[in-house]
Amino acid sequence: MKNPRYLWRMKIAFFSTKIYDREFFDRYNTHHEIIYFEAPLNEHTVTLANGCKAICAFVNDKITLPVVTALKSNGVELIALRSAGFNNVDIAAAKANGIAVVRVPAYSPHAVAEHALALILTLNRKTHKAYNRVREGNFSLDRLTGFDLFGKTVGVIGTGKIGQVFCKIMLGLGCKVLAFDVIANKDMEATGVEYLPLLTIFQQADIISLHCPLTEQTKHIINANSIAMMKQGVMLINTSRGALVNTAAAIEGLKTGRIGYLGLDVYEQEEKLFFNDLSENIIQDDDIMRLLSFPNVLITSHQGFFTQEALAEIAKTTLSNVDEFEAGKTLKNIVV
Ligand code: NAI
């Protein structure tokens, strides 16, 4: 008997793939023809998608107007993002070219919220330093002093799926949680989160964590002016998108001590660095090298999403988005 699924088999070019992408997509793919490319998607690599009806892209693939135009002329009809954020896609261009864009809106808000907590705890209790010290036979506690999270004021910018989980975690630790969002969430208010103007949060929070998307309004939401309003020694955590923070202003804030701790899982110029082993290379990005020189800065390489559960959900939802498109169904996770 003919496999009805055969009719829906689609040839998909996957960009920016790593071994873990293959592992999870091969586990859940039953009928599509996936061609994995390690190369990122950009104007130089877009021809790799020739003959494919869909492409699958990740956070640092640059889907600009020329890329969209080239995809269109190559016959691509669907851009399937294996991410929640879509700031790297020229949505207007995709719309104008009749290319549908789908995404994975929520694969594990817990993964990212818990990673934000990991950054906070590591920066605060300096477990990364303690680990190295003790392994070298240094059992001294000098300069490892932390602070109780209990009773501290945490400011959360953006209380969507990830921000809400993060608020609950911090409430569970006994923190006072203040939030700013364009829409206050009643359920969050009922749990004890207090919505306040952004400026008040900048002024009152001991820890500020960013959980809003990158848009024209939020670009450089953390800048010299906002940093100047913050408490001396504030802890700033960004697990959302690099360009929410003006890197030069953050460096200045660290130099003056206004920023006492900086935890970044994302970075403004991350696309040239993150997800790659550059340990034998000369890093040309002076800003990240300056950031890495501070003892109170912790940078991870966009790994907030990186849990077993999230990778499984990303693969399942992306494949189901492709199936819906191929079957002509309503696209649940359409961006445009
Ligand atoms: P979401 O769409 O559920 O929530 C975003 C929230 O931000 C919404 O409540 C929205 O109203 C709010 N918002 C929009 N504009 C705002 C503004 N100007 N000021 C304050 N709040 C504003 O998104 P979700 O799933 O919670 O993800 C948040 C962000 O986390 C994503 O946009 C993405 O950039 C980032 N992310 C990072 C990952 C990582 O691995 N580090 C993985 C997944 C997402």
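Start by selecting Glu271 and Lys62, whose side chains meet in a salt bridge at 3.6 Å, N to O; the term means a side-chain nitrogen of Lys or Arg within 4 Å of a carboxyl oxygen of Asp or Glu. The model is predicted, so local features need pLDDT of at least 70 and side-chain atom pairs count only at pLDDT 80 or more, while totals for chains, interfaces and linings use all residues. Residues are numbered from 1 along each chain as its sequence is written, and side-chain values use heavy atoms, with hydrogens and water left out.

Next, colour the chain by domain: domain 1 is 11-107 + 307-326 and domain 2 is 109-299, with bounds from an automatic or database domain assignment. Their centres, taken over C-alpha atoms, are 29 Å apart. The contact (heavy atoms within 4.5 Å) takes 13 residues from domain 1 and nine residues from domain 2.

Now show the interface. About 950 Å² is buried between the domains, with 57% of it from carbon and sulfur atoms; buried area is the accessible area (1.4 Å probe) that two parts lose on being put together, summed over both. Select Lys18, Asn60 and Asn87: in domain 1 these lose the most area to domain 2, together 45% of what that side buries. Across the interface the rule finds one salt bridge.

- Asp181: a side-chain N or O atom is 2.6 Å from an oxygen atom of the ligand.
- Phe305: a polar backbone atom is 3.0 Å from an oxygen atom of the ligand.
- Ser240: a backbone N or O atom lies 3.3 Å from an oxygen atom of the ligand.

Taken alone the ligand exposes 860 Å², and the protein buries 85% of that (Shrake-Rupley method, 1.4 Å probe).

Key. A polar contact is a pair of N or O atoms within 3.5 Å; within protein, one must be able to donate a hydrogen and the other to accept it, and residues adjacent in sequence count only if both atoms are side-chain atoms.
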